[in-house]
Amino acid sequence: PPSRILPPLLLALLAPGTVAACSPQPNATRFVCTEPTLSTFPTGLPPTTLAVSVEFTALAALQPTALVGLPLLQELHLSSNRLGALPETLLRPVPALRVLDLTNNLLADLPDGIFSSTGSLQHLVLQGNQLQGLRPNWFQNLPKLRWLDLAGNVLAEVPPAVFRPLRSLRSLDLSRNRLATLAPDALAGLRVLEQLDLEGNRLGTLPPTAFVPMPALRLLFLQDNELWALPGGIFAPLRQLRVLDLARNRLRELELPPPTPGDTLDLDISGNPWVCECPLLALLRRAAPQLAASHDTLCASPERYRGQEVASVSQAGDTGC
């Protein structure tokens, strides 16, 4: 009977998984939408909104006015969409923004002035995009930024001193890019940086002064590169270092930071062709690091130690060292 036929609009509202589920609620402080078919940014968000999450959708573009009317917004999560570009003025209506997550989109570049009005930003995540370069202007007005994630892009270089304005930065992730070299002053200005991740690049060596600008560094990840040599004393400035990962490179000789009384260095040097002669063995005995993956940390030479664990050889009393 006709009375039992629901209007098409009502059917759409009741159907599971429809965009209607992403309708904003009056006076809400948080808006979440993970509707896979959503292709336009929701409108009508209340001015009380503090956090917006529009993730795992078909969203491919944003209008310059998408965030107008959200003066209190502190968090914007836009991960796992299809965004290929952002308007330069997108973030100007949200000066209180503290967290911006753009993980797993299709961004190959960003406008020069995209962050010109986001002086309160503390966490910026650009992981898993297609960024080919870093523009110095991006970082000119981010004095409070503490966390910068640039992992999983296609960066081939870090411009000299590009991060210098980031005087509050504590964590920098450049892993899984295409970095084959680092300029001597690529990391200049990072005086309070505590964690640096360069894992999974193509680095063959490093500048002797690479880590001089980072006296507060505590965690350094260099695994899965192509490192074949390290300059003498490269880790000497890192007196606070507690974790060093050099696994799966091509290193034959080792450099370590100076030992600190009362503190142990967690060290992973597995998967390298170590030359187990006196310089390496004496260094390991003197520094006494906590070796991770010791079963995979093997001597490649000399012949009498080939295939033996480096830790066992270094502790043996018959090495003559």
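1. Trp138 is buried, at 0% relative accessible area, where buried means under 20%, exposed over 50% and partly exposed in between (1.4 Å probe, protein chains only). Phe139 also has 0% relative accessibility and counts as buried.

2. This is a predicted model, in which local features need pLDDT of at least 70 and side-chain atom pairs count only at pLDDT 80 or more, while totals for chains, interfaces and linings use all residues. Residues are numbered from 1 along each chain as its sequence is written, and side-chain values use heavy atoms, with hydrogens and water left out.

3. Rings of Phe, Tyr and Trp (its six-membered ring) pair if their centres lie within 6.5 Å; planes under 30 degrees apart count as stacked, over 60 as edge-to-face and the rest as tilted. The count by this rule is three aromatic pairs. Trp138 and Phe139 are edge-to-face because their ring planes stand at 80°, with the centres 6.1 Å apart.

4. Phe139 and Phe163 make a tilted pair, 5.5 Å centre to centre with 55° between the planes. Phe139 is in the loop between strands E5 (123-125) and E6 (147-149), and Phe163 in the loop between E6 and E7 (171-173), so this pair ties together parts 24 residues apart in sequence. Strands (E, at least two residues) are DSSP runs, numbered from the N terminus. Ring pairs join Trp138, Phe139 and Phe163 into a cluster.

5. E6 and E7 pair in the parallel sense over three bridges; strands pair if DSSP finds at least two bridges between them. Trp147 has Ser171 in E7 as its bridge partner.

6. The twelve strands of an open sheet run in the order E1-E2-E3-E4-E5-E6-E7-E8-E9-E10-E11-E13, with parallel pairing. E1 (30-33) and E13 (290-291) stand at the edges with a single partner strand each, so one side of each has no neighbour in the sheet.

Technical notes:
Helix = DSSP H or I, 4+ residues; strand = E, 2+ residues; numbered from the N terminus.
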